[in-house]
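Thanks, everyone, for making the time this morning. I would like to walk you through one model, so please have a look at it first.

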Amino acid sequence: RRSGQYTMNHDHSKKTPDGASFDRSGSQDSLDELSMDDYWKELENIHETRGNNHEERVALVVKEPDEGELEEEWLKEAGLSNLFGESSGDSLESVVFLSTLTRTQKAAVEKRVETVTQTMRKKNKQHQIPDVRDIFRVQNDSKGKVCDGSEPSTVRTSENKSETQDGTKGPNFSLGMDEQKTPAEDMPFSDTDINLEISFSEQAANLKDSSIGKMCKGGGGDTLLPNFRLPKDKTGTTKIGDLAPQDMKKVYSLALIELTALYDILGTEFKQQKAVKIKTKDSGLFGVPLSVLLEQDQKKVPGTKIPLIFQKLISQIEEATLETEGLLRIPGVATRVKSLCQELEAKFYEGTFNWENVKQHDAASLLKLFIRELPQPLLTVEYLKAFQDVQNLPTKKQQLQALNLLVLLLPEANRDTLKVLLEFLQRVIDHRDKNKMTLKNVAMVMAPNLFTFHGFGSKTIEQSEFVMAAGTANVMRFMIQYQKLLWTIPKFIVNQVRKQNTERQKKEKKDKAMKKLLKKMAYDREKHEKQEKTPNDADVPQGVIRVQAPHLSKVSMAIQLTEELKAGDVVARFLSQK
């Protein structure tokens with residue numbers, strides 16, 4: 001490959017820069033050169049399809065954040081912006097939220113708050129900067145277990161270790177949890193079981209120094225991907241879509257903190273990218289943001305969650321049979337695909353487009369074109385790099401856990417569209433005996449369409465391209481192979497959301513009762529003072545006496561005297577507060 005041109009000869013895939021081999025990490029499953037050919041051919045087809053349009057394209061500028069800006073943005077995304085800046089304060093939501101965090105999650109938040117605090121001090125911002133210790137000091141009544149129901153483990157982050165090495169005692173953070181360690185051996189889970197009950201980062205911390213941590217490394221072809229499964233849970237599993245939107249917001253915050261904590265424990269940098277806004281098309285089919293597409297589609301089909309053109313292209317491919325050899329790999333004719341694209345733009349919504357003339361390979365090329373032409377990648381600008389970096393995590397199980405959390409972080413439209421795509425790709429693979437498209441082949445062909453995003457310009461594509469090619473193809477394989485697991489919300493996160501809701505309701509109930517009591521006391525005091533100022537016996541009806549009880553919450557009551565009335569009845573009436 002020279003000066004941006006993709007030359008296709010077999011030597012090309014054998015000569016890797018700097019002698020980088022494809023089984024660089026355990027996640028790379030020794031991808032052979034022949035299988036990599038599909039990747040480079042697909043990349044060449046992409047360049048052909050773009051043709052002259054390449055120059056017209058607006059590159060998406062990814063902004064390099066200043067010091068502390070990344071952490072500040074992270075805290076905002078996690079819903080913890082009131083831990084710093086002008087809005088810093090003891091909001092009920094934050095207190096409740098922080099009280100449900102696990103030890104590793106708490107360490108991840110502490111680390112970011114510390115960075116933001118130091119940056120603000122450097123910049124001399126006139127903000128009230130809270131001490132990290134105060135943020136995590138919660139009431140002593142939240143004793144006991146971590147919210148996932150497991151005994152919390154003691155996790156020592158690298159910073160904590162360095163604090164104690166020099167003999168000085170580090171800050172004593174307390175989340176009101178017992179300092180009891182859960183031995184990794186006690187976990188009744190096999191190597192291929194995905195434990196959803198204990199936080200992934202807690203598991204990583206427990207396994208870090210043990211031999212169990214070295215499991216599931218290495219492998220070979222399709223058949224050697226571990227057969228990961230979810231152990232049967234009596235209470236069932238929670239899927240994305242089962243929870244209300246307000247709970248999904250909490251899931252997002254917790255998934256972001258958990259993913260960061262997991263990367264911290266494993267010593268991998270987790271950086272969200274930030275795109276500078278660019279002008280995009282506000283109508284049409286190709287090159288239109290997903291949100292805009294769905295908005296115009298919902299006017300035609302209310303409640304639709306997947307772009308209509310995307311659905312139609314998939315059904316068009318399936319109608320012709322999925323047994324076609326080389327489906328997705330063999331490209332459509334570039335000139336024909338281009339003219340179909342223009343015709344679709346003009347006639348799709350009018351319903352005058354003739355689908356009978358569309359050949360299957362052309363429809364497959366249009367589907368891939370749709371994904372590539374999105375103004376922002378399907379896996380989003382924020383998380384595209386994080387998806388790529390999953391390949392750098394030590395074990396396959398941790399890679400799967402990270403992908404699970406990343407799927408939870410995607411916007412709903414992106415996540416729903418990705419799900420439909422992965423399900424379709426699995427159906428193609430199900431016919432591999434006839435179409436010769438195995439999991440590895442499909443991953444090779446689809447990876448360039450999802451990961452080599454045009455908007456970043458060619459710079460990111462060219463950096464360590466061979467390593468990235470093999471890595472992204474593996475991430476693609478994982479997403480297809482384990483898609484059912486990826487759309488599950490881990491039980492420990494569901495438990496944290498449930499605990500947040502319960503704690504919030506308790507606090508709200510308590511606050512409501514207190515307000516009601518104070519209001520009542522104020523009202524009764526006012527009433528009592530009024531009566532004292534204007535004592536007028538004529539106002540009191542015959543046979544009625546007014547009884548005062550200043551020490552009770554009901555300070556005064558008018559009592560009708562009767563033959564049967566006893567003093568005990570009067571007291572009882574005061575105490576019943578009716």
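Predicted model: local features only at pLDDT ≥ 70, side-chain atom pairs only at ≥ 80, totals over all residues.

Residues are numbered from 1 along each chain as its sequence is written, and side-chain values use heavy atoms, with hydrogens and water left out.

Let me begin with the salt bridges, meaning a side-chain nitrogen of Lys or Arg within 4 Å of a carboxyl oxygen of Asp or Glu. Searching the whole structure gives 15 of them. One is formed by Glu42 and Lys368, whose closest N and O atoms are 3.1 Å apart. This pair links distant parts of the chain, since Glu42 sits in helix H2 (residues 33-50) and Lys368 in helix H13, 326 residues apart; helices here are DSSP runs of H or I with at least four residues, numbered from the N terminus. Both partners, Glu42 and Lys368, are buried, where buried means under 20% relative accessible area, exposed over 50%, and partly exposed in between, with a 1.4 Å probe and protein chains only.

Helix H13 (residues 360-373) also packs into a pair that I would like to point out: its axis and that of helix H11 (residues 308-319) come within 9 Å and cross at roughly 150°, the axes being lines fitted to C-alpha atoms over the stretch in contact, with angles from 0 to 180 degrees between N-to-C directions. H11 and H13 are therefore roughly antiparallel, a label used for angles over 145 degrees.

Two further salt bridges stay within a single helix. In H14 (residues 381-389), Asp389 and Lys385 are four residues apart, and so about one helical turn separates them; their closest N and O atoms are 2.9 Å apart. Asp389 is buried at 14% relative accessible area, whereas Lys385, at 36%, is partly exposed. In H16 (residues 412-430), Glu423 and Lys419 likewise lie four residues apart, and their side chains meet at 2.8 Å, N to O.

Finally, which residues form a network of salt bridges? They are Lys111, Arg112 and Asp264.

Conventions. Helix = DSSP H or I, 4+ residues; strand = E, 2+ residues; numbered from the N terminus. Parallel < 35°, antiparallel > 145°, perpendicular 65-115°, else oblique.
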